Amino acid sequence: MRKIITGVVAAAFVGAIGLFALDARAEECCEKGDTTPPLELIEKTPIGGLHNPYNDEIDAVAETGHKIYLSYSCNGCHGGGGGGGMCPPLTNDTWVYGADDDTVFRLIAEGSDKLQEQGYTRVRKEIVTGPMPPFGNIAKTSDDLWKVIAFIRSKNPSSMKNVATPAQTPGQ
């Protein structure tokens, strides 16, 4: 009987340490200048744990983010200033999967098909011509992707009210 109790206590202790480590890892994300590739950062960060380190200085990095946005050819679908084209505008409040940092980062890096495979659903309606393609292999660093998101937020300041509140958390 004593071995069973010891085993249960040990398992609870290990589980608690694992939860603490998971919480600590989520809080550590994300830092300015992070060179981690976006898909790798997603892999090691629980849903809801991605937070833009530039949220307090959107205007300061917006121009850099705009240049990266253009270099990824985001303007081909969303327009040069984010006002839309054949895909949704980034300047209105209709964020199809949610406007929080975590969801937006995952959407851009993994694309909409992957999000849907993971259990995300559309929380708002918008005219969409096709799926959002994944840019996680095009964006070399997480820092670059955060700067693109900062540019998008500079074009849609009202989106800042939802950065920390996930619209959905599939699998949790």
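**Cysteines first, then the rest**

Modeller: Searching the whole structure turns up one disulfide, meaning a pair of cysteine sulfur atoms within 2.5 Å. Before going on: this is a predicted model, with local features needing pLDDT of at least 70 and side-chain atom pairs counting only at pLDDT 80 or more, while totals for chains, interfaces and linings use all residues. Residues are numbered from 1 along each chain as its sequence is written, and side-chain values use heavy atoms, with hydrogens and water left out.

The partners are Cys29 and Cys30, with 1.8 Å between their sulfur atoms. A disulfide is a covalent bond between the sulfur atoms of two cysteines. The torsion about the S-S bond of Cys29 and Cys30 is about 55°, so this disulfide is right-handed. Cys29 is buried at a relative accessible area of 9%, and Cys30 is buried too, at 12%. (Buried means under 20% relative accessible area, exposed over 50%, and partly exposed in between, with a 1.4 Å probe and protein chains only.)

What about other cysteines? The sulfur of Cys74 has its closest cysteine sulfur in Cys77, 8.4 Å away, which is too far for a bond. Cys74 is buried, at 12% relative accessibility. Cys87 is in no disulfide either; its nearest cysteine sulfur belongs to Cys77, 4.1 Å away. Cys87 is buried as well, with a relative accessible area of 11%.

Now for the wider picture. The chain has six helices and zero strands; helices (H or I, at least four residues) and strands (E, at least two) are DSSP runs, numbered from the N terminus. Of the 172 residues in the chain, 41% are buried.

A salt bridge is a side-chain nitrogen of Lys or Arg within 4 Å of a carboxyl oxygen of Asp or Glu, and the whole structure has four of them. Lys32 is partly exposed at 46%, and Glu57 is partly exposed at 27%.

Another salt bridge joins Asp101 to Arg153, with 3.1 Å between the closest N and O atoms. Asp101 sits in helix 5 (residues 101–117) and Arg153 in helix 6 (residues 142–155), so this pair ties together parts that are 52 residues apart in sequence. Both of these residues, Asp101 and Arg153, are buried. An α-helix has 3.6 residues a turn, so residues three or four places apart point the same way. Asp102 and Arg106 are both buried.

Helix 6 is mostly covered, with eleven of its 14 residues buried; among them are Trp146, Phe151 and Arg153.

Helices 5 and 6 come up again at the largest pocket: the elements giving two or more residues to its lining are helix 4 (75–78), helix 5 and helix 6. Helix 5 gives the largest share, five residues. (On a 1 Å grid over the protein atoms alone, a cavity is a set of points where a 1.4 Å probe fits but cannot get out, and a pocket is an open set with protein on both sides within 12 Å along at least five of seven lines; lining residues have an atom within 4 Å of a point.) The largest pocket has a volume of about 510 Å³, where grid points are joined across faces, edges and corners and the volume is the space filled by probe spheres set on the points. Its lining counts 30 residues, with His78, Pro88, Leu90, Leu107 and Met132 nearest the centre.

One last stop is Ser73, in the loop between helix 3 and helix 4. Phi of Ser73 is near 65°, a positive value in a residue other than glycine. Ser73 is partly exposed, at 48%.
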